[in-house]
Amino acid sequence: MTLLKKYKWSFILLAICVILAGYLLIDTYSKPKIPVIRPVQNFSMENVDGKTVTLQDTNGKVRLFYFFFTNCPDVCPISTFKMSQIQNQLKKDGLFGKDVSFVSVSFDPVRDTREKIKEFGDKFSADYSGWYFLRGDEKKTADFAMNTFQFIVNKDRDGNFMHSDLIALVDRDGNYRKYYKDDVTAKEIAEEVERLAKE
């Protein structure tokens with residue numbers, strides 16, 4: 001009895017910890033798995049460091065894909081900023097670069113040189129150890145965006161682009177799982193990315 005009295009608060013604290021741990025486990029595993037939409041089509045593009053990057057080079061990590069162009073006057077900077085917020089959250093949690101990477105793909109290779117893309121990435125404090133900024137053939141890139149993600153990229157006669165402003169979630173095995181619209185917060189995306197990384 002004396003022992004129980006002496007360690008009463010320790011036992012209570014331990015019980016609370018056990019209950020909280022159980023709740024977290026139930027919360028994590030009770031959420032339905034994100035279904036697979038389709039495998040990501042293979043690609044071969046140039047990174048800002050001049051190296052060729054393929055789908056296989058990025059496999060083994062959960063990925064966020066985003067299609068952009070640096071001359072974009074509106075949505076691209078906003079979505080890239082959101083990705084930088086997600087990056088910071090994942091870095092804080094020790095997942096970025098290790099279990100998660102980002103792939104931002106320019107569909108305007110004529111104007112988007114490696115240098116210009118790097119300058120764009122630098123504005124958003126991109127950590128290039130886990131964030132690829134790629135450029136490739138314009139038509140192949142538009143086809144890749146459409147065939148894999150159903151993201152539309154159109155170019156008018158004046159060279160202006162219209163495109164889907166969506167972020168795609170891809171699992172470790174290279175399967176497209178989901179896309180996010182602009183109304184989803186960086187925190188919500190980061191939490192879902194972390195959950196998928198733990199599957």
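Is Arg114 buried, partly exposed or exposed, and at what relative accessibility? Arg114 counts as partly exposed, at 29% relative accessibility. Buried means under 20% relative accessible area and exposed means over 50%, with partly exposed in between (1.4 Å probe, protein chains only).

This is a predicted model: local features need pLDDT of at least 70, side-chain atom pairs count only at pLDDT 80 or more, and totals for chains, interfaces and linings use all residues. Residues are numbered from 1 along each chain as its sequence is written, and side-chain values use heavy atoms, leaving out hydrogens and water.

**View 1. Arg114 and Glu46 form a salt bridge.** A salt bridge puts a side-chain nitrogen of Lys or Arg within 4 Å of a carboxyl oxygen of Asp or Glu. Here the N to O distance is 3.0 Å. The pair links distant parts of the chain, 68 residues apart: Arg114 sits in helix α5 (residues 114–123) and Glu46 in strand β2 (residues 44–46). Helices (H or I, at least four residues) and strands (E, at least two) are DSSP runs, numbered from the N terminus. Glu46 is partly exposed, at 22% relative accessibility.

**View 2. Glu46 also meets Arg135 in a salt bridge.** The N to O distance is 2.8 Å. Arg135 lies in strand β6 (residues 131–135), 89 residues from Glu46.

View 3. Lys118 is partly exposed at 33%, and Asp122 is partly exposed at 39%. Elsewhere, salt bridges with shared partners join Glu46, Arg114 and Arg135 into one network.

**View 4. Phe102 belongs to the largest nonpolar core.** Such a core is a set of buried Ala, Val, Leu, Ile, Met, Phe, Trp, Tyr and Cys residues joined through side-chain atoms within 4.5 Å. Contact means heavy atoms within 4.5 Å. Leaving aside neighbours within four places in sequence, Phe102 touches residues including Leu64, Met83 and Trp131.

**View 5. Strand β9 (residues 167–170) is covered on both faces.** In a regular strand the side chains alternate between the two faces of the sheet. Ile167 and Leu169 are buried on one side, Ala168 and Val170 on the other. Strands pair if DSSP finds at least two bridges between them. Strand β4 (residues 62–68) pairs antiparallel with β9 over four bridges. Four bridges also join β9 to antiparallel β10 (residues 175–180).
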